[in-house]
Amino acid sequence: MNIFGLVGALLPVFFVLALGYIAGKRNTFDTDQAAGLSKLALGFALPAALFVSMTDIKRDLLLQQGSLVLALLIAHVGLFLVALFLLNRIPSLKGTAAIICALMLSSSATPVFGIAVLQPLLGDTSTGTVGLVALAINFVMPLAIIFLEMDSAKLGTASAGTSRRAQVLSGLKSGLQSPLLWAPVIGILVVLVCLHIPKEVASSFSMIGSATSGVAVFAVGLTLAAHSFHLSKAVLLGALGRVTLQTVVLLGLFHLLHVSGPFAREALVCCSFPMATTVVLFAAKFKAMEAESASILLLSTVSLLVTVPATIAIGK
């Protein structure tokens, strides 16, 4: 990977990110409009892109990815549960703050940055990898929602028993309704049953899917503009943990499960991506780690300049 290729891939990302940031600082978009852009990118454009990209993967190649999928699930769901258990042992983080931190460590902004960064650098197969990583992330999100709602109910509701069951069901419903969960799953099923997707249908999905990168990155810029940056020890440790810990865990799993190839290399890069923007939204909703999560989002986003070439080199 030469420096010019890296700059050429990342420059458009940071350009669009800066546009979103400037637009946010100038109040060109209000809160509802910014949320609408995120919904367009993550609710419509990205699922379409993931679906059509999964259907482009050859069946034999997809069937070889069982170990990769297992490693991704452990590196996401397993890391979330282990991190939550350990962070809950720290008195200053116990409860909601621990859940937010565990989610930060175990979920990346792969759905936002994945296609925009990886496709110019690593080619078309990277879109399929983004789909597999997004699938793993969407197993973590319902768990996080369940724990957050249960903790909220425990603190503020008298009838905790009834509330707990309702919040668990709410978390599961939220996860199962996510198009980011079903789009790659349906794409995988289409490939496994050898169902041919007509060119016109694939082109239709590709058209809306092409909006993913620009709109999603622009929306992140708006999110960053809405929060002040505060550098602290917690922010530094959080950003460092986000861009390194999951990558190290996944690399260890790859050696343990003997996973290799282009999909594995691309998955490593995905796990070094910045913090998921949804973590900032959860922090604001549940009133925990609000300032820290926004600052970690900015710092981990800037770190793309270092983490992308480093993980590409490690994965070779």
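Leu63, Leu189, Leu192, Val193 and Leu195 make a nonpolar surface patch of about 460 Å², where a patch is made of residues with over 30% relative accessible area and no salt bridge, nonpolar side chains being joined within 5 Å; a salt bridge is a side-chain nitrogen of Lys or Arg within 4 Å of a carboxyl oxygen of Asp or Glu, and accessible areas come from the Shrake-Rupley method with a 1.4 Å probe. The model is predicted, with local features needing pLDDT of at least 70 and side-chain atom pairs counting only at pLDDT 80 or more, while totals for chains, interfaces and linings use all residues. Residues are numbered from 1 along each chain, and side-chain values use heavy atoms, leaving out hydrogens and water.

Leucine 195 lies in the loop between helix H9 (179–192) and helix H10 (199–209), and is exposed at 52% relative accessible area (buried means under 20%, exposed over 50%, partly exposed in between). Serine 295, in helix H15 (residues 290–302), is buried at 0% and touches Ser228, Phe229, His230 and Val235, residues up to four places away in sequence not being counted (contact means heavy atoms within 4.5 Å).

Phenylalanine 51 in helix H2 and phenylalanine 205 in helix H10 are 154 residues apart; phenylalanine 51 is buried at 11% relative accessibility, whereas phenylalanine 205 is partly exposed at 32%.

Definitions and conventions: Patches are made of residues with over 30% relative accessible area and no salt bridge: like charges are joined within 9 Å, nonpolar side chains (Val, Leu, Ile, Met, Phe, Trp, Tyr) within 5 Å. Helices (H or I, at least four residues) and strands (E, at least two) are DSSP runs, numbered from the N terminus. Buried means under 20% relative accessible area, exposed over 50%, partly exposed in between (1.4 Å probe, protein chains only).
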